[in-house]
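Subject: Structure for you to look through

Hello,

Here is the structure you asked to see. Please open it first and then read the notes below it.

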Amino acid sequence: PMQDEPDTGPPIAPDAGTHEEMQHEGMPEAAAADPIAMREVFIEASLALTEELVSDRHFGAVGALDAVESSLAALAAASPDDDLSLLSARAAALRPAGADIDSLRLAFDPFSQALLDYVRAHVGTLTGPLRVAHCPMADNAAGDDEGASWLQRPERVWNPYFGDAMLHCGSVKEVLVPATARDAANEGGSL
């Protein structure tokens, strides 16, 4: 059964648009060729997907996959030396899992782990804040009892694995990219 789609949820980031606005087609050509700019676009698209899961918006999450896929393809084109194969495979596995929000959340875990690995490899080129949050109660793809982690911007936890049912369950475990003074002024609890 489909869940009702709430109309509101936490904002993604102060400067982020909708997932349609983040798609590669609307980007200036110079930005599309810049690997650092494309990393930012991909991270924002991934955070938009997280926000849709946090807000229990199944159809919004499925729609956000378009921006994740297109920004990842643009990133691959702009960064031919980056090994994006695992991240691409995990992103591709999200679409077939999108039949219901619970399946999508379970498939989100391996994508999230690959995303965290990618961010860790590129921390020096990314805009903060970027934090690793962890929920010990969330199911993960490994099926163990270790919980699941994800990338987010705010200090307060916004849980994509449980959404509204346990919105703030978990804790921030690591700051990958600290906030700059500009970022801190704009943070305001957004993903």
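Leaving aside its neighbours within four places in sequence, which residues is Asn 140 in contact with? They are Leu 106, Asp 109, Glu 146, Gly 147 and Ala 148, where contact means heavy atoms within 4.5 Å.

Before the rest, a note on the source. This is a predicted model, so local features need pLDDT of at least 70 and side-chain atom pairs count only at pLDDT 80 or more, while totals for chains, interfaces and linings use all residues. Residues are numbered from 1 along each chain as its sequence is written, and side-chain values use heavy atoms, with hydrogens and water left out.

To return to Asn 140: this residue sits in the loop between strand 1 (130-135) and strand 2 (148-152). Helices (H or I, at least four residues) and strands (E, at least two) are DSSP runs, numbered from the N terminus. Asn 140 counts as buried because its relative accessibility is 8%; buried means under 20% relative accessible area, exposed over 50%, and partly exposed in between (1.4 Å probe, protein chains only).

The overall layout

The protein has six helices and three strands, in the order α-α-α-α-α-β-β-β-α along the sequence. Of its 191 residues, 51% count as buried. Among contacts with a separation of 6 or more, 69% are between residues 24 or more positions apart.

Helix 3 and its partners

The axes of helix 2 (residues 35-54) and helix 3 (residues 58-78) come within 8 Å and cross at roughly 165°. Axes are lines fitted to C-alpha atoms, for helices over the stretch in contact, and angles run from 0 to 180 degrees between N-to-C directions. Helix 2 is therefore roughly antiparallel to helix 3. (Angles under 35 degrees count as roughly parallel, over 145 as roughly antiparallel, 65 to 115 as roughly perpendicular and the rest as oblique.) The contact involves residues including Phe 42 and Leu 49 of helix 2 and Leu 65 and Leu 72 of helix 3. By class it has 17 nonpolar, three polar and two charged residues. Here Ala, Val, Leu, Ile, Met, Phe, Trp, Tyr, Cys and Pro count as nonpolar, Asp, Glu, Lys and Arg as charged, and the others, Gly among them, as polar.

The axes of helix 3 and helix 5 come within 12 Å and cross at roughly 30°, which means that helix 3 is roughly parallel to helix 5. In this pair, His 58, Ala 61, Val 62, Val 68 and Leu 75 of helix 3 meet Ile 101, Leu 104, Phe 111 and Tyr 118 of helix 5. These residues divide into eight nonpolar, one polar and no charged.

Two loops

Asp 56 lies in the loop between helix 2 and helix 3. Its phi is positive, about 60°, although Asp 56 is not a glycine. With 10% relative accessibility, Asp 56 counts as buried. Pro 129, in the loop between helix 5 (101-121) and strand 1, is joined to Gly 128 by a cis peptide bond with omega of about 0°.

The cysteines

A disulfide is a pair of cysteine sulfur atoms within 2.5 Å, and the count comes to zero. Cys 135 is buried, with a relative accessible area of 0%, and Cys 169 counts as buried at 17%.

Regards
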